[in-house]
Amino acid sequence: MGSAAPRSASVLLLLLLLLLLRAEQPRGAELTFELPDNAKQCFHEEVEQGVKFSLDYQVITGGHYDVDCYVEDPQGNTIYRETKKQYDSFTYRAEVKGVYQFCFSNEFSTFSHKTVYFDFQVGDEPPILPDMGNRVTALTQCPNASPTPLPPLRVPV
């Protein structure tokens, strides 16, 4: 029969490690949805003051592959607005705590529904490598690594 103390200590250590890993992860959502013609669809997310969030979206199918998109802060101020875009990205650091709303509109279309994909992320993503921002890596050297310039790309006619 084994001792229960070492086993419970390793379980406690594992739980603590999982809790720490969970605290460092940003949260977010990805969704692909149908946006009917003449319609608007809004989504809501609570964000703490000072926390960064980002919205990436793309129209996958339908019409001219375009939608209107806007983001409002908790006080109803529009902090982002684009019209008839196929895709775009928006990043913002929340100035106030509260529920931020982002909407996609196809109200300008009278007969063409769209399929829209979006990725909404809240929180700063941790760097891939520890202390990556404070040192030069192969990833940051790539554009200047070639001793001779690359030839221009040729497009077949």
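This is a predicted model: local features need pLDDT of at least 70, side-chain atom pairs count only at pLDDT 80 or more; totals for chains, interfaces and linings use all residues.
In what order do the four strands of the open sheet that contains β1 stand, and is their pairing parallel or antiparallel? The order is β1-β8-β3-β6, and the pairing is antiparallel, where strands are DSSP runs (E, at least two residues) numbered from the N terminus, and two strands pair if DSSP finds at least two bridges between them.

Residues are numbered from 1 along each chain as its sequence is written, and side-chain values use heavy atoms, with hydrogens and water left out.

Strand β3 (residues 52–61) runs antiparallel to β6, and seven bridges join the two; Lys52 has Arg93 of β6 as its bridge partner, and Ser54 stands opposite Thr91. Side chains in a regular strand alternate between the two faces of the sheet. In β6 (residues 87–93), the covered face carries Asp88, Phe90 and Tyr92, whereas Tyr87, Ser89, Thr91 and Arg93 are on the uncovered one.

Now to the other four-stranded arrangement, an open sheet with antiparallel pairing in the order β2-β7-β4-β5. Here β2 and β5 (78–85) are the edge strands, each with a single partner strand, so one side of each is left without a neighbour. Eight bridges join β2 to β7, which run antiparallel, and Lys40 stands opposite Ser105 in β7.

That brings me to the cysteines. A search of the whole structure finds one disulfide, meaning a pair of cysteine sulfur atoms within 2.5 Å, and this one joins Cys42 to Cys103 with an S to S distance of 2.0 Å. Cys42 lies in strand β2 (residues 40–47) and Cys103 in strand β7 (residues 98–105), so the pair ties together parts that are 61 residues apart in sequence. The torsion about the S-S bond is about 110 degrees, so the disulfide is right-handed.

Cys103 is buried, at a relative accessible area of 0%, where buried means under 20% (1.4 Å probe, protein chains only). Cys69, by contrast, is in no disulfide, and the nearest cysteine sulfur, that of Cys103, is 8.0 Å away; Cys69 also counts as buried, at 1% relative accessibility.

Conventions
Buried means under 20% relative accessible area, exposed over 50%, partly exposed in between (1.4 Å probe, protein chains only).
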